[in-house]
Amino acid sequence: MVNRRVVIADDDALVRAGLTLLLGGDSGLEIVGEACDGAEAVRLTSQLQPDVVLMDIRMPHLDGIAAARQVLALPDPPKVVMLTTFDTDELVLGALRAGAQGFLLKDTAPAEMIQAIHRAADGESALSPSVLSTVIAAATSIEDNRTQQARAELDILSRRELEVAVEVGRGLSNAEIASRLYQSVATVKATLTRVLTKLGCTNRTQVAILIHDARLLEE
């Protein structure tokens with residue numbers, strides 16, 4: 001298994017200790033640093049160059065979303081996965097729009113959290129489709145103008161590219177999309193690369209948000 005280097009950022013020392021103990025038990029994960037606030041998270045990320053940063057949303061000095069933006073602006077940035085207590089927190093959506101790979105509830109089962117971090121490192125969404133739907137629905141239910149804007153942005157995609165983007169919006173992995181659309185995984189990856197480039201997205205989570213904004217999963 002590929003060894004993933006992880007930085008944990010949380011202002012609660014007990015949470016950091018618990019996560020370090022939990023994640024350190026997986027042979028494929030190496031905890032290379034711990035940060036007690038957003039500013040330190042940015043500094044450690046620049047210094048240690050981890051594969052994944054597990055970032056608490058609420059931290060002193062520099063909150064998690066602001067820290068995520070700075071981390072993702074670094075050369076060859078890591079994947080950022082946000083930690084939160086409530087899956088309806090509006091800050092979560094802000095983090096996803098800022099480019100975070102996903103988010104995890106702090107009470108996520110250990111095995112699921114470990115799997116999610118590996119998925120994030122591989123470029124997959126580190127959150128379940130049901131949780132993503134909950135967050136997006138709460139944020140977009142009163143934003144009809146965002147629906148029109150999202151659909152206008154998606155008009156640049158070809159029919160096949162839009163099909164792949166919609167399946168990303170459902171939270172499917174590349175292998176699942178390939179099976180659903182009767183394509184090879186390599187074809188799906190190539191199509192998704194074009195989708196990301198055309199839409200100016202940095203990861204599939206942002207594509208999923210755009211699909212939800214356009215309400216294409218409701219049709």
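This is a predicted model: local features need pLDDT of at least 70, side-chain atom pairs count only at pLDDT 80 or more; totals for chains, interfaces and linings use all residues.

Reader: Ok, and which residues in α9 are buried?

Author: Asn174, Ile177, Ala178 and Leu181 are the buried ones there. Looking down the axis of α9, you'd find them within an arc of 100 degrees, so they line one face of the helix.

Reader: What covers the buried residues of α9?

Author: The cover includes α8 (159-169), α10 and α11 (204-213).

Reader: Let's take α10 then. At what angle do α9 and α10 pack?

Author: Helix α9 covers residues 174-181 and helix α10 covers residues 185-199. The two pack at about 110 degrees, and their axes are 8 Å apart. That angle makes α9 roughly perpendicular to α10.

Reader: Which residues meet there?

Author: From α9 you have Asn174, Ala175, Ile177 and Ala178, and they meet Val185, Val188, Lys189 and Leu192 of α10. Sorted by type, the residues in this contact are six nonpolar, one polar and one charged.

Reader: Switching topic: how many helices and strands are in the protein?

Author: Eleven helices and five strands.

Reader: And how much of the whole protein counts as buried?

Author: 49% of its 219 residues.

Reader: What about contacts between residues at least 6 apart in sequence?

Author: Of those contacts, 66% join residues at least 24 apart.

Methods:
Residues are numbered from 1 along each chain as its sequence is written. Side-chain values use heavy atoms; hydrogens and water are left out. Helices (H or I, at least four residues) and strands (E, at least two) are DSSP runs, numbered from the N terminus. Buried means under 20% relative accessible area, exposed over 50%, partly exposed in between (1.4 Å probe, protein chains only). Contact means heavy atoms within 4.5 Å. Axes are lines fitted to C-alpha atoms, for helices over the stretch in contact, and angles run from 0 to 180 degrees between N-to-C directions. Angles under 35 degrees count as roughly parallel, over 145 as roughly antiparallel, 65 to 115 as roughly perpendicular and the rest as oblique. Ala, Val, Leu, Ile, Met, Phe, Trp, Tyr, Cys and Pro count as nonpolar, Asp, Glu, Lys and Arg as charged, and the others, Gly among them, as polar. The arc is that of the directions from the helix axis to the C-beta atoms.
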